[in-house]
Amino acid sequence: MQDFRMASFGGICFLLACLLFGISSVQGDESSYREVCNKTGDNYYFCIDCFEEHQSNDLDYGGISITCARDSTFVAHKTALDYSNNSTGRFQDVMKFCEPKLDLAAKYLEASLRAWREQRKEDTVEFIDFCSSNFASCTEKLSGFNLSIGFIREFGTVRARIEVADVIVSL
């Protein structure tokens, strides 16, 4: 009988803990991430979209913003590859240059996420800078091509999300 009472008491404590932490952790999340996104200036909406995609009870602003930038880089990479496979000549040459740069950008974002998790702020910022420079070297090569709106939007999103990550981890 005593074991049953202990089990019941443990179950009640667990239920109360879930209710308390579940309710308290949600309060203020939206306003707090909107406050963080306010600091990103023109990239406010890219920041908001990212946090709305990755809402959780324990918001990790730096980690979420880096994850968004990395995921956008993967999408841009696939978009560029699809475009490249359907084109000829000079654009394919540019993509041969860009593909390793986009891969490097994604790897630097992975490294920055690891550094952020380990609370190495200076390394995090440096890795995001390396990512940004690799991404920029690719986008410079793309000027002068007649690209689709979708393609340009994907690359613009990556650029904005890298900038958001850089701002947030620097806060």
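**Figure 1. Overview of the predicted chain.** Accessible areas come from the Shrake-Rupley method with a 1.4 Å probe, and for residues only the protein chains shown count as cover. By this method the chain exposes about 10,200 Å², and carbon and sulfur atoms supply 56% of that area. This is a predicted model, in which local features need pLDDT of at least 70 and side-chain atom pairs count only at pLDDT 80 or more, whereas totals for chains, interfaces and linings use all residues. Residues are numbered from 1 along each chain as its sequence is written, and side-chain values use heavy atoms, with hydrogens and water left out. Read along the sequence, the pattern is α-α-α-α-α-α-α. Of the 171 residues of the chain, 37% count as buried (under 20% relative accessible area; exposed is over 50%, partly exposed in between; 1.4 Å probe, protein chains only). Among contacts (heavy atoms within 4.5 Å) between residues at least 6 apart in sequence, 70% join residues at least 24 apart.

**Figure 2. Confidence along the chain.** Where pLDDT is low, the predicted coordinates should not be read in detail.

**Figure 3. The crossing of α3 and α7.** In this view the axes of α3 (residues 44-53) and α7 (residues 149-170) come within 9 Å and cross at roughly 80 degrees. Axes here are lines fitted to C-alpha atoms, for helices over the stretch in contact, with angles running from 0 to 180 degrees between N-to-C directions. The two helices α3 and α7 are therefore roughly perpendicular to each other (65 to 115 degrees; under 35 is roughly parallel, over 145 roughly antiparallel, the rest oblique). From α3, the residues Phe 46, Cys 47, Asp 49, Cys 50, Phe 51 and Glu 53 take part in the contact, and they meet Thr 157, Ala 160, Arg 161, Val 164 and Ile 168 of α7.

**Figure 4. The packing of α3 against α4.** Helix α4 spans residues 61-85, and α3 packs with α4 at an angle of about 100 degrees, with their axes 10 Å apart. That angle makes α3 roughly perpendicular to α4. On the α3 side the contact includes Cys 50, Phe 51 and Glu 53, which meet Tyr 61, Ile 64, Ser 65 and Cys 68 in α4.

Figure 5. Asn 43 is placed in the loop between α2 (29-38) and α3 (44-53). With a relative accessible area of 10%, Asn 43 is buried. Leaving aside its neighbours within four places in sequence, Asn 43 is in contact with Ala 160, Glu 163 and Val 164. Asn 43 and Ala 160 are 117 residues apart in sequence, and their C-alpha atoms are 6.1 Å apart in space.

**Figure 6. Glu 154 in α7.** Glu 154 lies in helix α7 and, at 25% relative accessibility, counts as partly exposed. Apart from its neighbours within four places in sequence, Glu 154 is in contact with Val 75, Ala 76 and Thr 79. The C-alpha atoms of Glu 154 and Thr 79 are 7.7 Å apart in space, although 75 residues separate the pair in sequence.

Figure 7. Gln 119 is found in the loop between α5 (90-117) and α6 (121-142), where the residue is exposed, with a relative accessible area of 73%. Although Gln 119 is not a glycine, its phi is positive, at about 60 degrees. Asn 38 is found in helix α2 and, at 52% relative accessibility, counts as exposed. Asn 38 and Ile 48 are ten residues apart in sequence, and 9.0 Å apart in space, C-alpha to C-alpha.

Methods:
Helix = DSSP H or I, 4+ residues; strand = E, 2+ residues; numbered from the N terminus.
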